[in-house]
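Student: I have a new model open and would like to learn how to read it. Could you walk me through a few features?

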Amino acid sequence: MGLEKIKAVVLTPNFMTVSRIVAVPIIVVLLMSDARSTTFIAAALFSLASITDYFDGYLARTRGLETKLGKILDPLADKLLVSSSLVMLASLGFMQGWIACVIIGRELAVTGLRCVLIENGQDVAASWLGKYKVGFQIAAIIPLMLHYSYLGINFNGIGVFFLWGAVFFTIWSGFDYFIKARKFLF
């Protein structure tokens, strides 16, 4: 397979989405060892996977590469990546477990709500609140994975700061979804 063919495959939205799913067990295994080197590699891999989330959507929209499979896999990949990372961070004691439960619970509830909305022919695109939620989650998870101090910087403290923003936007965006969709629920 030539370099151009490889480039053509790697730069497809669905490949990027699948790469995020493949990254999940690798990140989990890396975080199972609470070592400075493995948490650093896990944070780097999580960062790279998070970047692909932006690029796969951008490529799909701008190049007309949106697929039904991509519309299903993309949010699934995001939720697997974030949820498994939060579970591992909580298991390591790098964050409080109840926060992981709130964030994961909201993700599951909104995913169920999206299914109801889709059945009713409604738009389920992410709102600006959802985009802030994701931004704060990523901004929290990366330094929480780094956990240790590097160059005198307390990465765990930075992660906890952004984690509170993630909790705030997680709850707010969850309520917003349910308020906007209430007529389809009862």
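Predicted model: local features only at pLDDT ≥ 70, side-chain atom pairs only at ≥ 80, totals over all residues.

Student: How many residues does helix α2 have, and what does it reach from its first C-alpha to its last?

Tutor: Helix α2 covers residues 13-32, which is 20 residues. From first C-alpha to last it reaches 30 Å, close to the 28 Å expected at 1.5 Å a residue.

Student: Where does the kink in α2 lie?

Tutor: Look at Ala 23: a kink of about 25° lies there, shortly before the proline Pro 25.

Student: Arg 20 is on your list of buried residues in α2. Which side chain does Arg 20 meet in a salt bridge?

Tutor: The general idea is that side chains of opposite charge can pair when their charged atoms come close. Here Arg 20 pairs with Asp 56, at 2.8 Å from N to O. This pair links distant parts of the chain, with Arg 20 in helix α2 and Asp 56 in helix α3, 36 residues apart. Arg 20 has a relative accessible area of 0% and Asp 56 one of 2%, so both count as buried, being under 20%.

Student: How many salt bridges does the structure hold?

Tutor: There are eight. Another of them joins Glu 107 to Lys 79, with the closest N and O atoms 3.2 Å apart. Glu 107 lies in helix α5 (residues 97-119) and Lys 79 in helix α4 (residues 68-91), so this pair ties together parts that are 28 residues apart in sequence. Glu 107 also forms a salt bridge with Lys 133, at 2.7 Å between the closest N and O atoms. Elsewhere, salt bridges that share partners join Arg 20, Asp 53, Asp 56, Asp 74 and Asp 78 into one network.

Student: And on the surface, which residues form a nonpolar patch?

Tutor: Find Ile 51, Tyr 54, Phe 55 and Tyr 58, which together have about 420 Å² of accessible area. Tyr 58 is found in helix α3 (residues 36-62).

Student: Is Tyr 58 buried, exposed or partly exposed?

Tutor: Tyr 58 is partly exposed, because its relative accessible area is 39%, between the cut-offs of 20% and 50%.

Methods. Residues numbered from 1 in each chain as written. Heavy atoms only, no water. Patch = residues over 30% accessible without salt bridge, like charges linked within 9 Å, V, L, I, M, F, W, Y side chains within 5 Å. Areas by Shrake-Rupley, 256 points an atom, 1.4 Å probe, with all protein chains shown as cover. Salt bridge = Lys/Arg side-chain N within 4 Å of Asp/Glu carboxyl O. Helix = DSSP H or I, 4+ residues; strand = E, 2+ residues; numbered from the N terminus. Buried < 20%, exposed > 50% of the residue type's maximum accessible area, 1.4 Å probe, protein only. Expected span 1.5 Å × (residues − 1). Bend = angle between axes of the 7 residues up to and from the residue.
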